[in-house]
Amino acid sequence: MKKFWIHAGTLIDGTGAEPKKNQAICVENGRVAAIEDFHGKNEEEWVDLSEMTVMPGMINCHVHSLSPVGISDEEENALTTMEKAWWGMKNAHDYIDSGVTFVRSLGSEKYYDLEMKKCIEEGKVVGPHMFCAGRVITMTGGHGWKSGLESDGVDECRKHARELLKHGVDLIKIMATGGVMTPGVEPGSAQLTMEEMKAAIDEAHKADRKTATHAQGTQGIKNALHAGIDSIEHGIFLDDECIDWMVEHGTYLVPTLAAPRCILDAGVEKGMKDYVLRKANLVVDAHIESFKKAYQRGVKIAMGTDAGTPYNFYNNSAFELELMVANGMKPMDAIVASTHNGADCIGVLKDYGTIEAGKVADIIAIEGDPLQDISCVRKVRTVYKAGEKLKG
């Protein structure tokens, strides 16, 4: 029976409550057993984090776990299966090293994300908890078609949703619109219809699985909302009707502000293709304005980076928090978006997302005060996943 105590100099528990100074956190069998004021050490094992800010492990709700970052399309296309596995292991390590203890993988080639999750759970690879969508459902020639399940009509969407469930996915991801990275499609254009998406969503919900959709253009977002989607990914061209619906129905927005920004920051100097830069420039300002409106109006927001897109590295979740704060979000709300709300969006809030008695002990320690300077979340010094120290 593994039991130890953490002396936290400052505790931000992820609920949005005010930070508490000088706290003692008891961890037993991988879970938080108790939290109390620190009055000195007892005879049990202690970890001294009295100079640190302690908070829940971060949750990244939008990643592509096995995609290599920083190499050309030609190099990626030439990767062997073993090389892809190496990238998956590297990416898993990068999450942990940067304080991310839970990820939601939203699109993978050949169900590789599910295989990586199994390796992590069996202790063969060090990495975060994972929820995996496997392959995405898209229309023929639609966004992500190269690795997705091309589906046309209600029956095909229903069948492919059932096929995904047969493979053991944790959620189903659907492509409602075009996107930046797929040649020949446009971010603003609707793709799968409301009826097609509803068929897949109904199958997911019957199996008690959540759903997420790549949705950038306004009409495609509305189609997904009316089909019953659980989270909107990107949400670049939100209008008031979309926002009203999301507030009323509790639909999550996962903005991924980092994705187009990383593309534009890389630019032609790092090999970005003209069509990618054109589309990233097309969406970047609207993306920020939609995020601001959604936040101001009370849409539930969870943190996700779209890691795996160009120059959008797996150890850079902090960049998303910095962008959210730079565009009007309070630092505490950004932390909640990357902890409590991430767990709620994924559907695991009962066990994850906050440091509270009874929950899994996913705990990180950082230098500095992120409420004064959100970039402190880059200074991760200690990481526990389910009570096991993986860094520090």
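Which residues are buried in H6? I started my notes on this predicted model with that question.

Entry 1, helix H6. I looked up residues 218–227, which form H6. I found Gly220, Ile221, Lys222, Asn223, Ala224, Leu225 and Ala227 buried. That is seven of the 10 residues of the helix, so H6 is largely enclosed by the rest of the structure. I then checked what the buried residues pack against: helices H5 (194–206) and H7 (240–249), and strands E11 (210–215) and E12 (231–234). Just after H6, I noted that Gly228 has a positive phi of about 100°.

I looked up how H8 (residues 258–266) packs with H10 (residues 317–326). The angle is about 105°, and the axes are 10 Å apart. Because angles of 65 to 115 degrees count as roughly perpendicular, I wrote down H8 as roughly perpendicular to H10. On the H8 side, the contact is made by Ala258, Arg261, Cys262 and Asp265, and on the H10 side by Phe319, Glu320 and Leu323.

I noted about 160 Å³ of space in the second largest pocket. Its lining consists of Leu66, Thr81, Lys84, Ala85, Met89, Tyr112, Glu115, Met116, Cys119 and Val125. Which helices each supply at least two residues of this lining? I found H2 (81–97) and H3 (112–121). Sorted by class, the lining has seven nonpolar, two charged and one polar residues.

Methods: Residues numbered from 1 in each chain as written. Predicted model: local features only at pLDDT ≥ 70, side-chain atom pairs only at ≥ 80, totals over all residues. Heavy atoms only, no water. Axes fitted to C-alpha atoms, helices over the stretch in contact; angles between N-to-C directions. Helix = DSSP H or I, 4+ residues; strand = E, 2+ residues; numbered from the N terminus. Parallel < 35°, antiparallel > 145°, perpendicular 65-115°, else oblique. Contact = heavy atoms within 4.5 Å. Buried < 20%, exposed > 50% of the residue type's maximum accessible area, 1.4 Å probe, protein only. 1 Å grid on protein atoms, 1.4 Å probe; cavity = no way out; pocket = protein on both sides within 12 Å on 5 of 7 lines; lining within 4 Å. Points joined across faces, edges and corners; volume = space filled by probe spheres on them. Nonpolar A, V, L, I, M, F, W, Y, C, P; charged D, E, K, R; others polar.
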